[in-house]
Amino acid sequence: MIDVYTFILIAVATLSGVLCVVLGLAGRKPADLTILATALVELLLLAQVVIAIVAPLVGNPPTGNLLEFWMYLVTGCLMPPAAIAWALSERGSKWSTVVLGVAGLAIAVMTYRMHQIWNVQVV
């Protein structure tokens, strides 16, 4: 994993998550801002998939459990589309905006964990 990219992904996911949670708790229903913020997180995750495929080929192999890393990454990639689908199916509820936020915050934590798995020191 690329450290700078990882921390950009964590920052964007956190900002998106906080934005959506705050707007949801303020009573705002899902709108373009919250949907697009979550979609941006998804695009960054898809780029992370490409990075995770290419990195070992150019000399940056993972040192942790590869299966665990990919399970986090695949699950993370499935969360934003599921949250967006939920938000669009329940457009009348402020809680669907909160769901978008929770997905963003969960992805931030999962990305940090993926970074730990990739860079774990083997003794």
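## Notebook: rings, cores and helix packing

I started with the aromatics: ring pairs join Phe 69, Trp 70 and Trp 118 into a cluster. Before going on, a note on what I am looking at: this is a predicted model, where local features need pLDDT of at least 70, side-chain atom pairs count only at pLDDT 80 or more, and totals for chains, interfaces and linings use all residues. Residues are numbered from 1 along each chain as its sequence is written, and side-chain values use heavy atoms, with hydrogens and water left out.

**Rings**

I counted 2 aromatic pairs in the structure. In the pair of Phe 69 and Trp 70, the ring centres are 5.8 Å apart and the planes sit at 90°, so I logged this pair as edge-to-face. My cut-offs: rings of Phe, Tyr and Trp (its six-membered ring) pair if their centres lie within 6.5 Å, and planes under 30 degrees apart count as stacked, over 60 as edge-to-face and the rest as tilted.

Are Phe 69 and Trp 70 buried or partly exposed? Phe 69 is buried, at a relative accessible area of 0%. Trp 70 is partly exposed, at 24% relative accessibility. The scale I used: buried is under 20% relative accessible area, exposed is over 50%, partly exposed is in between (1.4 Å probe, protein chains only).

I then listed what Phe 69 touches. Leaving aside neighbours within four places in sequence, Phe 69 is in contact with Met 1, Ala 52, Met 114, Ile 117 and Trp 118. Contact here means heavy atoms within 4.5 Å.

**Cores**

The largest has 19 residues, and Leu 45, Phe 69, Leu 73 and Trp 118 touch the most other members. Helices α1 (3–25), α2 (32–54), α3 and α4 each supply at least two residues of this core. There is also a second, separate core of 7 residues, including Cys 20, Ala 87, Leu 100 and Ala 103. For the helix labels, I took DSSP runs numbered from the N terminus: helices are H or I with at least four residues, strands are E with at least two.

**α3 against α4**

The axes of α3 and α4 come within 9 Å and cross at roughly 170°. That makes α3 roughly antiparallel to α4. I fitted the axes as lines to C-alpha atoms, for helices over the stretch in contact, with angles from 0 to 180 degrees between N-to-C directions. Angles under 35 degrees count as roughly parallel, over 145 as roughly antiparallel, 65 to 115 as roughly perpendicular and the rest as oblique. The α3 residues that meet α4 include Phe 69, Leu 73, Gly 76 and Ala 87.

Which residues form a salt bridge? Glu 68 does, with Arg 113, the closest N and O atoms being 3.2 Å apart. This pair links distant parts of the chain, with Glu 68 in α3 (residues 66–89) and Arg 113 in α4 (residues 95–118), 45 residues apart. The count comes to 1 salt bridge by the rule of a side-chain nitrogen of Lys or Arg within 4 Å of a carboxyl oxygen of Asp or Glu. Glu 68 is partly exposed at 28% relative accessibility, and Arg 113 is partly exposed at 29%.

**Single residues I checked**

- Ile 107 lies in helix α4 and is buried, at 2%. Ile 107 and Val 41 are 66 residues apart in sequence and 8.4 Å apart in space, C-alpha to C-alpha.
- Beyond residues up to four places away in sequence, His 115 touches Met 1, Asp 3, Thr 6 and Phe 7.
- Ala 55 lies in the loop between α2 and α3 and is buried, at 9%. Ala 55 and Met 1 are 54 residues apart in sequence, yet 6.7 Å apart in space, C-alpha to C-alpha.
- Thr 34 is in helix α2 and is buried, at 2%. With neighbours within four places in sequence set aside, Thr 34 is in contact with Cys 20, Leu 23, Thr 97 and Leu 100.
- Glu 90 lies in the loop between α3 and α4 and is partly exposed, at 38%.

How values were computed: Core = buried A, V, L, I, M, F, W, Y, C linked by side-chain atoms within 4.5 Å.
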